[in-house]
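Biologist: I would like to learn how to read the packing inside a protein model. Please start with the general idea and then turn to the case.

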Amino acid sequence: MIQRIQTIYLVIVALITGILPFFVNLWSDAKGVEIYAQNEIFISSAFYISGALALIAIFLFKNRKNQFVVNRLNMILNLFLLGFFVYRSLNLSGETLVSEKGIGMLIPVFSIVFLVLANRAIKKDEDLVKSVDRLR
């Protein structure tokens, strides 16, 4: 449902991973060319999949266990993306020259934080429903 806090968190994740990587640079190479998500097919598809998983999780509000699992899969995808960014930043060509890491490399970190907050809220809802079922 829209009025639940995890929906807000998941909308933030969908916006962060679906829109933001295409406007902020991920890194700059030694020549000063800024690399965005649309320049790399693997990175752009991973961001699109992460945004789509967040939107799918929003519409799974009736089945909280599946919503929780989809969020976990999204966290794993973002961890792989973050690992790729760390690997890429350590192996940038021309590292002895000037190369810069962009703010876009932190997008998976922010999305993981919001996914953890959403899972915490989903767990709280699930515990509330279980406690009410015990009283019946």
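Modeller: A nonpolar core is a set of buried Ala, Val, Leu, Ile, Met, Phe, Trp, Tyr and Cys residues joined through side-chain atoms within 4.5 Å. Buried means under 20% relative accessible area, with a 1.4 Å probe and protein chains only. This model is predicted, so local features need pLDDT of at least 70, side-chain atom pairs count only at pLDDT 80 or more, and totals for chains, interfaces and linings use all residues. Residues are numbered from 1 along each chain as its sequence is written, and side-chain values use heavy atoms, leaving out hydrogens and water.

Biologist: How many residues does the largest nonpolar core have?

Modeller: That core has 13 residues, and L26, W27, A37, I43, F47, L81 and F85 have the most contacts inside it. Helices are DSSP runs of H or I, at least four residues, numbered from the N terminus. At least two core residues come from each of α2 (41–58) and α3 (64–90). The most come from α2, which gives three. Another core, of twelve residues, lies apart and includes Y9 and A118.

Biologist: What does F85 touch?

Modeller: Contact means heavy atoms within 4.5 Å. Leaving out residues up to four places away in sequence, F85 touches L26, W27, I43, F47, G104, M105 and P108.

Biologist: At what angle do α2 and α3 pack?

Modeller: Axes are lines fitted to C-alpha atoms over the stretch in contact, and angles run from 0 to 180 degrees between N-to-C directions. Here the angle is about 160 degrees, and the axes of α2 and α3 are 9 Å apart. Angles over 145 degrees count as roughly antiparallel, and α2 and α3 are therefore roughly antiparallel to each other.

Notes. Buried < 20%, exposed > 50% of the residue type's maximum accessible area, 1.4 Å probe, protein only. Parallel < 35°, antiparallel > 145°, perpendicular 65-115°, else oblique.
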